[in-house]
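Subject: Structure handover

Hello,

Here is the structure you asked about. Please open it and keep it beside you while you read the notes below.

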Amino acid sequence: MLTEINFDGIVGPSHNYAGLSLGNIASANNAGDPSFPRAAALQGMAKMRGNLARLGVQGFLLPLPRPNHGLLDALALDETTPPQLRAAAWSASSMWTANAATVSPAPDTADGRCHLTAANLVTMLHRAQEWPDTKRQLEVAFGDTRHFAIHDAVPPTFGDEGAANHMRLCESHETPGVEVFVYGKTGGRFPARQHEQASRIVARRHGLDPARTVFIEQNPDAIAAGAFHNDVVAVANGRVLFTHDEAFADQQGAYDAIRAAFPALEVVEVPSSAVTLQEAIRTYLFNAQLLTLPSGEMALIVPEECRESPSVWGWVETMLAGNGPIRQVIPVDVRQSMANGGGPACLRLRVVCDPATVDPRFLLDEAKADLIESVIARTWPEQIDPSDIGSDSLAASVIAARLALLDALDLAQLG
Ligand code: SUG
């Protein structure tokens, strides 16, 4: 039985606010603030527990090794080096697993396996270091080569940000779906992180049927407003595309192109007159997990920030009073991640597969959630101030914390 499993990134012990992501408004606004890694990781665990209870299945991926000594050496740091360069090697950004890889489920691919391409994330230094370690972890979690194929990242300079710019529409997970790749064009005030050719390379590698593959341009105004990934302004699940009306360069053209490949498409569009692009980006209404519950109803898992916004919550209440496909809206507290521009959807990688084919060490149950939380509570730093980045004592404690988690989960091989 193929089912969708959300693999959430466990927030790493070096989680901090270094302002590393140009074009990510939250990251810029919170640069230099103290961070709270333990609280951050526990917020992520609470979200996972909620979805485990709702869906009966939940996966996770582990933090990558930080500080990254290979990167620190390569940067030849000295006292003249800007602090952001050092901070890059300390970033816990692998928590946003929507950027770990692009995933094409088995029914969509030519060889009938689920294909994953690690995202190169080349636009940002702190993210470009992720993919070799990410790929190593994917090869363990999805190591059964009868069911999975794991690819290297797309070569530079074609920026690829993984599932954050990829949506899948389907009638059921057992049947072929339509995969939608959203890319940006350079030239605006902020970087366009997803290159069209990267998306096309991923689609070809995965053996997707061109008749069921759609390529769409992001709205340059959305990128300029802070939608550095398409999943900040749109999310899809089943037959439903939930989107802001300024998400795509040609909004109607985008709907027409998707509908040509997927006639059952249902669009839930939020007009700018109800929620401005700026408010959508501030609250991350669209960086939501759109879930199909066992009852068949759809639920939207949104950040708490949405409930506090009169315009966003007003739209939500009006939407719920109607008879659209989204029947529940559930706020969750992921404020520590949000302060770096990562909402509920950034924190998860969706993999449609048979859970029995996944390495069980990456699947969560209540007992394992207790275990992970106890390691986090015992070993994750409570607070990191920007001036701590680079200190030997902090390095020792974040390295030890991660290794304690790997040990507890019998995954020391990733050390
Ligand atoms: O790549 N933030 C991440 C947020 C990623 C969100 N993911 C999705 N939308 N799918 C990024 O910009 C901030 C790190 C810092 O500034 O310290 C950061 O990397």
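Salt bridges come to 22 in this predicted model. Here are some of them.

Asp209 and Arg212 form one, with N and O 3.7 Å apart. Asp209 is partly exposed, at 30% relative accessibility. Arg212 is partly exposed too, with a relative accessible area of 22%.

Glu279 and Arg282 form another, at 2.9 Å from N to O. Why are Glu279 and Arg282 separated by about one helical turn? Both sit in helix α10 (residues 277–283), and they are three residues apart, so about one turn lies between them. Is Glu279 buried or exposed? Glu279 has a relative accessible area of 16%, so it counts as buried, because the cut-off for buried is under 20%.

Glu305 pairs with Arg335, and their closest N and O atoms are 3.6 Å apart. Glu305 belongs to helix α11 (residues 304–307), while Arg335 belongs to helix α13 (residues 335–338). Glu305 is buried, at 13% relative accessibility. Arg335 is partly exposed, at 32%.

Some salt bridges share partners. Arg49, Glu366, Asp370 and Glu373 are joined into one network in this way.

Next, the strands. Look at β5, which covers residues 148–151. Which way do its side chains point? Phe148 and Ile150 point one way. Ala149 and His151 point the other way. All four are buried. In a regular strand, side chains alternate between the two faces of the sheet. Strand β4 (residues 114–118) runs parallel to β5, and four bridges join the two. Find Leu116, and you will see Ile150 of β5 opposite.

The largest cavity holds about 290 Å³ of space. Its lining has 23 residues. Those nearest the centre are Glu4, His166, Met167, Arg168 and Arg350. Three strands each supply at least two lining residues: β6 (166–169), β9 (234–237) and β15 (348–353). Strand β15 gives the most, with five. By class, the lining of this cavity has 13 nonpolar, five polar and five charged residues.

The second largest cavity has a volume of about 210 Å³. It is lined by 24 residues, and Ser21, Ser93, Trp96, His126 and Asn340 are the closest to its centre. What does this lining consist of, by class? It has eight nonpolar, 14 polar and two charged residues.

The largest pocket contains about 380 Å³ of space. It has 16 lining residues. Closest to the centre are Thr3, Glu4, His173, Asn237 and Thr292. Strands β1 (3–9) and β12 (289–292) each give two or more residues to this lining. The most come from β1, which gives three. The lining of the largest pocket divides into six nonpolar, seven polar and three charged residues. Note Glu4: it is among the residues closest to the centre of this pocket, and it is also among those nearest the centre of the largest cavity.

The second largest pocket has a volume of about 250 Å³. Of its 15 lining residues, Ile25, Ala26, Asn29, Ile281 and Arg282 are the closest to the centre. Helices α1 (25–29) and α10 each supply at least two residues here. Arg282 is the residue that forms the salt bridge with Glu279.

Last, the whole chain. It has 15 helices and 15 strands. Its C-alpha atoms fill a box of roughly 55 × 45 × 40 Å along the principal axes. How does the radius of gyration fit a compact globule? A compact globule of 415 residues would have a value near 22 Å. This chain has 20 Å, which agrees. Of the 415 residues, 59% count as buried.

Best wishes

How values were computed: Residues are numbered from 1 along each chain as its sequence is written. This is a predicted model: local features need pLDDT of at least 70, side-chain atom pairs count only at pLDDT 80 or more; totals for chains, interfaces and linings use all residues. Side-chain values use heavy atoms; hydrogens and water are left out. Buried means under 20% relative accessible area, exposed over 50%, partly exposed in between (1.4 Å probe, protein chains only). Two strands pair if DSSP finds at least two bridges between them. A salt bridge is a side-chain nitrogen of Lys or Arg within 4 Å of a carboxyl oxygen of Asp or Glu. On a 1 Å grid over the protein atoms alone, a cavity is a set of points where a 1.4 Å probe fits but cannot get out, and a pocket is an open set with protein on both sides within 12 Å along at least five of seven lines; lining residues have an atom within 4 Å of a point. Grid points are joined across faces, edges and corners, and a volume is the space filled by probe spheres set on the points. Ala, Val, Leu, Ile, Met, Phe, Trp, Tyr, Cys and Pro count as nonpolar, Asp, Glu, Lys and Arg as charged, and the others, Gly among them, as polar. The radius of gyration is taken over C-alpha atoms; the globule rule is 2.2 Å times the number of residues to the power 0.38.
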